[in-house]
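Keep the structure viewer open as you read.

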Amino acid sequence: MYKLPATGCEKLFIIIFGFIFLLFPDPGFSQTLEENFLDPPVSARPKGYWCLVNGNFDLSRMTEELREFKDKGMGGVDIWDVAGWVDPDHVVTAGPPFMGDESLGAIGHAIREATEIGLEVGLTISSSWNAGGSWVEPQDGVMGLFRSRLIIEGPAQFSEALPFPDLPERYDRMSAMILVKGADGLPTYYEDVAVMAIPDVEDSILFGTQALDISDKFRDGILTWDVPEGSWTIVRYVGTGTGQPLMRPSPNSNGLMIDHFSAEATTNHLMFFINKLQEELGDFENTSLKYLYTDSYEANSAVWTRGMEDHFLARNGYSIIPYLPVLDGYTVESSSISDRFLFDFKKTLSDLIIENHYSLSTEICAEYGLGFNAEAGGPGPPIHNCPFESLKSLGSLSVPRGEFWFNHGSPEKQAELQIVKGPASASHLYNQPQVEAEAFTSAWVWQEGPGDLKEVMDKALCEGLTRFVYHTTPHIVPESGTPGWIYNFGTLVNTTRAWWPLSRPFHDYIGRSCYMLQQGNFVGDVLYYYGDQAPNFADPKHVDPSLGHGYDYDICNSDIILNRLDVKNGSLVLPHGQKYEVLVLPDQEAMDPDVLEKIVELVEMGATVIGNKPTRSHSLQNFSRNDERIRELANRLWGKGKEKKKKSYGEGRIYSGENSIRNVLIEKGIGPDLEVHGPEPGVLDFIHRTTGDSEIYFVRNTTEHPLQLDAVFRVKQKHPEFWDPQTGKNVQVNSFRMEEGGVSVGLDLDPLGSMFIVFREAHTGNPVWEVRRNGSLLFPLDSEKRTYIVSDGKFHAEENGNYLLHFFNGDKLEMEIADLPEVLELTGPWEIRFPFGWGAPPKAEFKELISWTDSEDEGIKHFSGVGSYHKSFEMEDAMINPELRIILDLGNLSEMAELFLNGRRLQTLWNSPFEVDITSAVKPGTNYLVVNVANVISNQLTGDASLPAGLKRTHSNVTKGPNAWMYPWKEVPLIESGLLGPVKIKFLKQIGLTSNQK
């Protein structure tokens, strides 16, 4: 079935019965919404990690690339100095040091060029990741807590030097620690934290004062102590730099990673960049430099910071020293006491990194007119040792950034990572303008086209993503050739991709989708509290069995509950208008007493809360008093004795955790936000934004087969509209059903298809209420396939038959369609033209459509780039008339296609189905069709691998594929390429509707 003719693009169907007319929006918001959807602003368009590989750059090429990025629809770049990493033949030269004079000059050049053409620029504040560089002093580097141990027997008089702890020499097999030592062989910066004497105890349990703090007996490296009777382990605890280097810096740019827990380290590091950049650029206000950026936190050796003892005491009210053995596996007093200490220790680390790095960096940057963006949402253990509570860390930023992977691993075992729901929740909670993500991170290189990315792209959009940052967009210096030197992780989106010349519609799709999802507030009915512990991370979006399909949710933290959450008209609300209907508590025995007190207040004001009764507090601080406080508050809210399934308290209600969240919502009168009639409800994923005046839904087919279904949107008395992110066009739907749960609209979605449904104008028309074909019910959805669409006030049918339309006011319209032309297949030879210099002949003739990789010509077999298909075909006069709409179906192709008919450019198609409306361009008699098809560059790399060096057309530091560690290029399988067909011309009959039926 063909797509809406108004779009001529993706085959995403709403059953639109009735008159589709041009929109006449109100001035202001609506007009801007439509205009910006058609041509999204820079703030919604995708960006890329612009890799300066090994620190190399070329100023002229920088200018060329930036202009290409602008021309193809990108919104900006993050400048990222990084090593090539995989370079077995040592072809990548070492560029100048990052942030040295040459490097700074290139960064300034790029920012000035981007300013001129209207792109945004961010700067990563290290070579590779995370934050750091050669300018970082040892006292500002990553710190750890190290130990030396000495066993002595008592009673005895002891007066000897205690050994200094051993420090690791290497971070991993590729990186040595940067240990700065003095003439005495010791680190130039360290602090003795404590000296503990630990007796030989059973089961590693220390009671009372069994472990002795003998720090006062330690002076100038010498311990002088009267040893009591028994065997004692003397532990010297030293806080010092771990020497952790940057992860994969360019050759001349290595340095220490900073101590993220230290305000001094953060300030020194940020001001190094700001001072340097101001020297180069002056005031940032009128430049394209919008923010500084740090990647995911991967300082896996860090558990300490300067003055940790004082920080811990100030925040927790007791000394950390007696509990240091807990960090070594001992139990102090009891497992409960030790667990409470560990809770406090981890919470302190989380608070320090959030306050002294993420929040402080945002504040410093804001003083100079810049934002601070970061991947502060993980991934946490077991991937990285991130110590923070992620919603608060994300909420402290100018814009939170997550990450998601695509083809990350081997073909046999794909790793998955999706960090979008957490950043999205933080953005919704803290009222941040965007939700960014490092997008399509992959171990594979040069293997995919834009259509391959659509499923994971749409999944991320449904999780709440509103800004894509391609990982990566390499800067290709001229001497590196094509595809050039890269940081050897994809997905690569840059000017040397074979499909780059045709890529504009792909970037536009992302920009349009992100623009729409940046509007208004997120709609979610459920707010899940994920507890007070640290570290803490949000899971990817999933369907809670207790909630079921059709509802959406956010995750919240203690900070939001304590400082922002309120109740209005029975809903939980935030100051910026975000609201939820129920708060769901974690399945935990422990809770912070201040949080519980606030929850009691919220329920008393009218909130609905679901969860089981907590029994104790988390912290060791004043734990007896706080445990009693928890019990008193819990009894007040849940009641004493056996927990009730449901209990009223004040104006609100508390439900026990055994209740179904879905049932609680329905009892409250909150039905599903989107309910599917037809197939299994899980086949449709969605996200909903509201502006107050407009309701914006984005829906996607999660399956690889077509879907026909009726969906009820929880909207009252508003017209549905279809907005197509493929083309930027929108039409108003005048065919729907008003049901108790909202507005029912019929949807036809292609495999992995997606669309926007927007509700704006008040319903005042006469919609089509029912459609039958040959007596069979088609809308609302029955068992028979739908065979029609409606646009421009006309009914379009793609199959013959008797159609009967029932309108809301009782009118009927019967149409007999019996003369649709048969499908025309374009068979016979095709002429294909290839560009000069890439091994393929200038022209070739295919007797039938086959993959280039099946050609006997080696140049065509391994060709990568854009090949042009040329073909003439005949159209009978009877096929060209106002009652017929004509569709060209290209069948299958790899990877993208740009179409021209009779000299008129039609459209560029980047994902299946590859169909386009040709009604306005086709003519009676002879027609001339040109289809420019682009594939991937992997095939050329495979072919070139067997050629002598002087004949190779491709060059790169990566010598293996599909990822940099797998097979030599000559062994990498070829990827199907070209126009594969079958190519067909299809016809739809269109019949005008009379005005009283519109």
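What follows begins with helix packing, moves to one helix in detail, and ends with single residues.

A word on the ground rules: this is a predicted model, in which local features need pLDDT of at least 70 and side-chain atom pairs count only at pLDDT 80 or more, while totals for chains, interfaces and linings use all residues. Residues are numbered from 1 along each chain as its sequence is written, and side-chain values use heavy atoms, leaving out hydrogens and water. Helices (H or I, at least four residues) and strands (E, at least two) are DSSP runs, numbered from the N terminus.

Start at helix α3 (residues 101-117), whose axis comes within 10 Å of that of helix α4 (residues 263-281), the two crossing at roughly 60 degrees. Axes here are lines fitted to C-alpha atoms, for helices over the stretch in contact, and angles run from 0 to 180 degrees between N-to-C directions. On the α3 side the contact (heavy atoms within 4.5 Å) is made by Leu104, Gly105, Ile107, Gly108, Ile111 and Arg112, and on the α4 side by Lys276, Leu277, Glu280 and Leu281.

Helix α3 also packs against helix α2 (residues 59-72), at an angle of about 30 degrees and with the axes 10 Å apart.

Now move along to helix α13 (residues 623-638). Its 16 residues reach 21 Å from first C-alpha to last, close to the 22 Å expected at 1.5 Å a residue; that expected span is 1.5 Å times one less than the number of residues. Which residues of α13 are buried? They are Asn626, Asp627, Ile630, Leu633, Ala634, Leu637 and Trp638, where buried means under 20% relative accessible area, exposed over 50%, and partly exposed in between (1.4 Å probe, protein chains only). Seen down the axis of α13, these buried residues fall within an arc of 130 degrees, so they line one face of the helix; the arc is that of the directions from the helix axis to the C-beta atoms. An α-helix has 3.6 residues a turn, so residues three or four places apart point the same way. Ser624 and Arg625 are exposed on the other side of α13. The cover over its buried residues includes α6 (335-367), α12 (593-604), β32 (646-649) and β33 (652-655).

Just after the helix, Gly639 takes a positive phi of about 95 degrees. In the loop between β31 (608-610) and α13 sits Asn622, which has a positive phi of about 50 degrees although it is not a glycine.

Next, find Phe372 in strand β17 (residues 371-374). Phe372 is buried, with a relative accessible area of 0%. Beyond its neighbours within four places in sequence, its contacts include Ile125, Tyr291, His357, Tyr358 and Leu397.

Arg248, in the loop between β13 (222-241) and β14 (256-257), is buried as well, at 11% relative accessibility. Its C-alpha is 6.3 Å from that of Val82, although 166 residues separate the two along the chain.

Finally, two peptide bonds deserve a stop. Most residues other than glycine have a negative phi, and most peptide bonds are trans. The bond from Gly490 to Thr491 is cis, with omega near 0 degrees, and the bond from Gly981 to Pro982 is cis with omega near -5 degrees.
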